[in-house]
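Hello,

Please find the structure below, followed by notes on what was found in it.

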Amino acid sequence: MDRLIYLDNNATTPLDPQVLADMMPYLTTHFANASSLTHRAGRSAATAVTTARQQVASLIGAAADEITFTSGATEAINLALKGVFARYQSKGCHFITCVTEHKAVLDTLAYLEKHGAEVTYLPVNQQGTIDLQILENAIRPDTVLLALMHANNETGVIHPVDKLAEIARRHQILFFCDATQSVGKIPLRVADFPVDMLCLSAHKLYGPKGVGALYVRRQNRRIQLDALLHGGGQENKLRAGTLNVPGIVGLGKAAEIAGETQEADASRLARLRDKLEQALITLPETGINGIGVPRLPHVSNMTFRHVKAAEIMVHARDIAVASGSACVSGTRDPSHVLLAMGLAEADAHASLRFSLGRFNSEEDIDNCIQEIRTAVETLRANSPVWQLYRSGAID
Ligand SMILES: Cc1ncc(COP(=O)(O)O)c(C=O)c1O
């Protein structure tokens, strides 16, 4: 093998060449500011932004004016959570979230706690899902917002958003959904579940880095948010700053392509993911995290007990996978998601996330199976811990 087999698409996806082609003019000849409506170059940039807004809205079944462009999902999350905190303090300051959320949600809520918010962190079961009764019990008269993700970035486990949204609506609390990993991967229509706000990110769906969006429902009750950034009043005064026209055009094109291809991609990648799991699960003391509940079709998180994921990755150096979420890797902390699902620390450290993408072939998966199998077998053969386990001296 002379090339890297990229199976880390949950960290970021490659840029689709068609997306790059659509962005190129806005990086070169069509460089005008989308707010410069005094000349036709600016108006043409503004038109490109309008088209992109429509493309993003169409992917999730929203209206164009419900989409606010941001620098990515992290900013959209900050805008939603801090924006609600600032506006709804008279109703209450209690937020509900889950221990397996992305750090962008957890750290934002931790910041709000320092400023007077109260946050309940729902636990998950061994499969990574929430008990709806525990959620119901956590709701208080001063609860303002429920922040729960659609699909988990580390395990691919999918929360039943329709049921969560129904609970939020029944208790008249706002529901924010981090759909960064699911938008463009599995069909998701805001008409089918009444989320109030939802975030997405271009670089998770074959678009460029540094651009994302916040969806804010406009029907029925209009949600008021305080802006994070103040300045030129762009994005309906919700997000000031000169618009990133090439990035926004790229997000729009990525959304359009995803709308056309996500179902076929999902079924092809599910088959490849299942092939990978069926092959690797035959290794002794190997498990699949989140098995038995709905999961994203292209994601697998597997534990190879008694070997360190970091060592597997050194051994299988042509396979790009992750041992935790990319945003916290580099630290030696075990995945907070796997620990919350009840894995022992050693098992969390023995876990790898495979996230397949549009550009992976069957050959990639065959090579990955071979490389990971060889790595695990070789490492175990040379591991005193594995010998102790085999002799029955440890569990
Ligand atoms: C579930 C989830 N939420 C939020 C983010 C942050 O996205 P961005 O990189 O666009 O800020 C990520 C990225 O890893 C993610 O996986």
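His94 stands opposite Thr143 in β5, where strands, like helices, are DSSP runs numbered from the N terminus (E, at least two residues, for strands; H or I, at least four, for helices). The model is a predicted one, in which local features need pLDDT of at least 70 and side-chain atom pairs count only at pLDDT 80 or more, while totals for chains, interfaces and linings use all residues. Residues are numbered from 1 along each chain as its sequence is written.

Strand β3 (residues 94-98) runs parallel to β5 (residues 143-149), and three bridges join the two; two strands count as paired if DSSP finds at least two bridges between them. Phe95 has Leu145 of β5 as its bridge partner. Helix α4 (residues 103-114) packs on the sheet and touches β3, β4, β5 and β6 (174-178), its direction making about 155 degrees with that of β3. Contact here means C-beta atoms, placed from the backbone, within 7 Å. Angles run from 0 to 180 degrees between N-to-C directions, with axes as lines fitted to C-alpha atoms, for helices over the stretch in contact.

β5 is also joined to β6, in parallel, by five bridges. One of the pairs there is Met149 with Asp178 in β6. Seven of the seven residues of β5 are buried, so the strand is largely enclosed by the rest of the structure. Buried means 20 or more other C-beta atoms within 10 Å of the residue's own, exposed means 12 or fewer, and partly exposed lies in between, again with C-beta atoms placed from the backbone.

These strands belong to an open sheet of seven with mixed pairing, in the order β2-β8-β7-β6-β5-β3-β4. At the edges are β2 (67-70) and β4 (118-122); each has a single partner strand, so one side of each is left without a neighbour in the sheet. From one strand to the next the twist averages 20 degrees.

For the protein overall, there are 12 helices and 12 strands. Along the principal axes, the C-alpha atoms fill a box of roughly 75 × 55 × 35 Å. Of the 395 residues, 49% are buried. Among contacts between residues at least 6 apart in sequence, 75% join residues at least 24 apart.

There are 14 residues around the ligand, of which Gly72, Ala73, Thr74, Asn153 and Ser201 come nearest; a residue is near if its C-beta atom, placed from the backbone, lies within 6 Å of the molecule. The shell divides into five nonpolar, eight polar and one charged. Nonpolar covers Ala, Val, Leu, Ile, Met, Phe, Trp, Tyr, Cys and Pro, charged covers Asp, Glu, Lys and Arg, and the others, Gly among them, are polar.

Two backbone angles may be worth a look. Most residues other than glycine have a negative phi. Lys237, in the loop between β8 (212-216) and α7 (245-280), has a positive phi near 70 degrees. Lys237 is exposed, with 11 other C-beta atoms within 10 Å. His306 has a positive phi of about 70 degrees and lies in the loop between β10 (299-304) and α8 (309-315). His306 counts as buried, with 22 C-beta neighbours inside 10 Å.

Regards

How values were computed: Contact = placed C-beta atoms within 7 Å.
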